[in-house]
Amino acid sequence: MGLLASRGLTKRFGGLMAINQLDLDVEDRAIHSIIGPNGAGKTTFFNCVTGFYRSEEGTIEFDGVSLDGLSPDRITSMGIARTYQNIRLFANMTAMENILVGMHPHLRSGWLGAILKPPAVVKEEREAHQQARETLQFVGLRGMGDLLAKNLPYGQQRRLEIARALASRPRLLLLDEPTAGMNPRETMEMMAFIRRLRDDLGITIILIEHQMRVVMGISDRVTVLDYGTKISEGTPREVQSDARVIEAYLGTKAVAQ
């Protein structure tokens, strides 16, 4: 079993089978992509991992510890963070403030400390701001900490959302279509950045992505879902040549030609 493992994971919405008996292993320090047509169950899987959905059957374990029944904040504190297909920043807060929000699970001072400002709280706040500046620099947003999130260009908003996730000190980062809406140059830069997250910080990445150039270019392993069922898994080259994958994306006529 890898850093993250699901066994027999099943999630239904009424009569719709969103995830069907999914077995999945994500190795430590891997970039593992999950692909499939719209409605294949990719984001539903993310929501199950992060505690937003409860599965009807099966289990999910993170580093050997069951995530079943845990709240999203508890799962975050264990070292799992995510981004979203549609950017979810605090638009009217600065870039620095967005990152400080991401640090919240690891800050010890409560509301009373924030009011009274004892030396320990002042020290923690100073260290948090320094870490936030370092995170901004790492994601390529140096000097932009005082800008409102809504005033950043689209590509930089994507990086800020990842920076906020990094602030929670994750071991596992779930990225939901991080290159959506990007031009080719921004896409290439994001691919290089995702590699840095793994290579420089040692973070394991699970990636949902529709751009096959991105998936095939940076993934160690690829899992393909279709209507909630795993239909293929392997290296990018193995998956790319799998007839079941071609059929799921292009239809049976494309396979027959």
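A pocket here is found on a 1 Å grid over the protein atoms alone, as an open set of points where a 1.4 Å probe fits, with protein on both sides within 12 Å along at least five of seven lines; lining residues have an atom within 4 Å of a point. The model is a predicted one, in which local features need pLDDT of at least 70, side-chain atom pairs count only at pLDDT 80 or more, and totals for chains, interfaces and linings use all residues. Residues are numbered from 1 along each chain as its sequence is written, and side-chain values use heavy atoms, leaving out hydrogens and water.

The second largest pocket has a volume of about 280 Å³, where a volume is the space filled by probe spheres set on grid points that are joined across faces, edges and corners. Helix α5 (residues 119–138) gives the largest share of this lining, four residues. Helices (H or I, at least four residues) and strands (E, at least two) are DSSP runs numbered from the N terminus. Seven residues of the lining of the second largest pocket are nonpolar, two are polar and two are charged; Ala, Val, Leu, Ile, Met, Phe, Trp, Tyr, Cys and Pro count as nonpolar, Asp, Glu, Lys and Arg as charged, and the others, Gly among them, as polar.

Turning to the largest pocket, its volume is about 490 Å³. Of the 20 residues that line the largest pocket, T76, R82, Y84, G102 and R164 lie nearest its centre. Two or more lining residues come from each of α2 (72–78), β6 (80–82), α3 (95–103) and α6 (154–166), and α2 provides the largest share, with four.

Two of these helices, α3 and α6, also pack together, at an angle of about 35° and with their axes 7 Å apart. Axes are lines fitted to C-alpha atoms, for helices over the stretch in contact, and angles run from 0 to 180 degrees between N-to-C directions. On the α3 side, A95, N98, I99 and G102 meet L160, A163 and R164 of α6, contact meaning heavy atoms within 4.5 Å.

Next come the sheets. Strands of a sheet pair through backbone hydrogen bonds, either parallel or antiparallel. Six strands make an open sheet of mixed pairing, in the order β6-β7-β8-β3-β9-β10; two strands pair if DSSP finds at least two bridges between them. Since β6 and β10 (229–234) stand at the edges with a single partner strand each, one side of each is left without a neighbour in the sheet. Within this sheet, β3 (residues 31–35) and β9 (residues 221–226) run parallel and share four bridges, with V224 as the bridge partner of I35. Helix α6 packs on the sheet, touching β6 and β7, and its direction makes about 155° with that of β7.

A further open sheet has four strands in the order β2-β1-β4-β5, with antiparallel pairing. Here β2 (16–26) and β5 (65–66) stand at the edges, each with a single partner strand, so one side of each has no neighbour in the sheet. Seven bridges join β1 and β2, and R12 stands opposite M17 in β2. Their hairpin has two residues between the strands, and G14 takes a positive phi near 65° there. On to β4 (residues 57–62), β1 (residues 4–13) is joined by five bridges, with S6 opposite I60. Helix α1 (residues 42–49) lies across β1, β2 and β4, at about 115° to β1.
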